[in-house]
Each structure stands twice: as structure tokens, then as C-alpha cells.
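Subject: Handover of a structure and its findings

Dear colleague,

Please find below the structure that I am handing over to you. My findings follow directly after it.

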Amino acid sequence: MKILSCTQQKEADAYTIAHESILSINLMEKAAGLLAQAISERYDKSHRLVVFAGPGNNGGDALAVARILFLKNYPVEVYLFNVKGTLSEECLTNIQRLKESGFANYTEVSNQFDPPHLGSHDVVIDGLFGSGLQKPLTGGFAAVVQYINASPAQVVSIDIPSGLMGEENTFNVKNNIIRADVTFSLQLPKLAFLFAENTEYVGEWDLLNIGLSEEGIEETETNYEMLELEDIRSLI
């Protein structure tokens, strides 16, 4: 299995959109459906789901997951962080879809944040920042991460724990990275998942095949590959 850089994975998304006749928002909806299914298989409806969504496409994923699970009758609360007044197009679309679904427990945070109480039976859905993050979290976002980590809630990260870099981890600020119990990565693992020191952030991780073009992935050159058990046995 190839391990692509975060930039290459974005290029694989773009290749799929261009060659598989699928819109970006529809690819996101497909990913959200798989994420919601994976979450519902792990947690029943006795758990309150508290969604923390950022302003980019990772936040768009989280909002779509919130809508799907709400329509499955899960108790869901959403906190969208829009501190700069700039949201991605897909994030805006999913805000509209969430509201049109009849969802009411939606809070948009632009400055002051009154955090919800998080108990041991709650599940946090971490959709603050994805693999496009280029620098450690600081300020208010770092405080939100620290609040989540200090709680007894279980944490599910979408694609990658917020605050963790996909490849270059030299400048990680450990206190400002989500510590997930489980990370559902879209299509392929991130190189950072394989670093032993990141286990405390990534937790258990699993892959969700969102249908990115196999041709696009095959054509991408990479220095990293994860061998399956049968591949390892063939080398012995």
C-alpha cells in the first residue's frame, strides 16, 4: 500500500474529481457516509456525539457526519469554529444542509467559546483541522484541543488528529495535538501514523476507502509504502 504525502493525497482527490466525473461535494458526502457508518458501528445511540468542526474541508466532513448521524437519531451537538469569517465552500454547503435537515444543536463560534461539559460517555468528533495544517496550533484552537484532551470523553478524529502534521513532525507542540482514541483516515494512511511517538495522538487507526482513483494513486511516485503481511512473508 502506497503512503502519499498530504499534498499528493490532495492531488489524488483532484485527479478523482477530474477523471471520475464526481463533484468535490459529492466525494465529501461519500466520505461522510463511510465515517458515519464507522462511528455508528463503534458507538450506539446512548452516546452523545459532540462535533468540533473547523473552517476548512475537514470541518465540512464533520458537519456532514453530524447531519447523517442526527438523521439516524443520534444525540448530536455541533460547534463550528469560524474565528476569521472564512469558511471553505464545502463547509458552507454542509452548514446549509445541516440546518435544512432540522438540526438545532448548532453553535457557531466566532470569538468567545463556552465549552460544553464532556463526560466519560460522550464521544467527541474531531473535525477541527485535517492534513492541510502547516503549523502547530496556537491560541484559541490550542486551548480547545487542550480542553478536549483533559476531558474523559472518547475522541474520534476525522482523517488525522487535529494539530498533527502528516509528515514533518519535528515542530510538533505535544500539548496542542488531539489525543484520539481512534482515527479514521480517508483512503490511505498518513506517514505520521507510523511514527511510534505519534501513537498517543492517533490511537487506533483504520482506513475508509472513499473511492479515490486507483489509476491516479498508481501513477503517483512515492518513497514510502506499507507492506501487507503477505508481502512481508514473500520476502522471507
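The largest nonpolar core has 42 residues, and those with the most contacts inside it are Leu63, Val76 and Val78. A nonpolar core is here a set of buried Ala, Val, Leu, Ile, Met, Phe, Trp, Tyr and Cys residues joined through side-chain atoms within 4.5 Å. The elements that give two or more residues to this core include helix H2 (24-42), helix H3 (57-71), strand E2 (76-81) and strand E5. Helices (H or I, at least four residues) and strands (E, at least two) are DSSP runs, numbered from the N terminus. Apart from this core lies another, of 20 residues, among them Leu118, Val124, Phe129 and Ile148.

The model is predicted: local features need pLDDT of at least 70 and side-chain atom pairs count only at pLDDT 80 or more, while totals for chains, interfaces and linings use all residues. Residues are numbered from 1 along each chain as its sequence is written, and side-chain values use heavy atoms, with hydrogens and water left out.

Val78 touches Val51, Leu63, Ala66, Leu98, Phe103, Asn105, Tyr106 and Thr107, not counting residues up to four places away in sequence. Contact means heavy atoms within 4.5 Å.

Val156 belongs to strand E5 (residues 154-158). With a relative accessibility of 1%, Val156 counts as buried; buried means under 20% relative accessible area, exposed over 50%, and partly exposed in between (1.4 Å probe, protein chains only). Setting aside residues up to four places away in sequence, Val156 touches Ile39, Tyr43, Val123, Val124, Ile125, Asp126, Val182 and Phe184. Val156 and Glu200 are 44 residues apart along the chain, and their C-alpha atoms are separated by 13 Å.

Gly59 is found in helix H3 and is buried, at 0% relative accessibility. Not counting residues up to four places away in sequence, Gly59 touches Ala53, Gly54, Cys91 and Gly127. Gly59 and Leu80 are 21 residues apart in sequence, and 7.6 Å separates them in space, C-alpha to C-alpha.

Ser21 is not a glycine, although its phi is positive, at about 55°. Ser21 sits in the loop between helix H1 (6-19) and H2 and is exposed, with a relative accessible area of 75%. Asp159, again not a glycine, has a positive phi of about 75°. Asp159 lies in the loop between E5 and E6 and is buried, with a relative accessible area of 10%.

Ser213 is located in the loop between strand E7 (204-208) and helix H7 (214-219). At 3% relative accessibility, Ser213 is buried. The side chain of Ser213 reaches the backbone nitrogen of Gly216 at 3.1 Å, and a polar atom of that side chain lies 3.3 Å from the backbone nitrogen of Glu215. Leaving aside neighbours within four places in sequence, Ser213 is in contact with Tyr15, Thr16 and Glu20.

How many disulfides are there? The count comes to 0, a disulfide being a pair of cysteine sulfur atoms within 2.5 Å. The sulfur of Cys6 is 19 Å from the closest cysteine sulfur, in Cys91, and is therefore too far for a bond. Cys6 is buried at 7% relative accessibility, and Cys91 is buried with a relative accessible area of 0%.

Yours sincerely

Notes: Polar contact = N/O pair within 3.5 Å; in protein donor to acceptor, adjacent residues only side chain to side chain.
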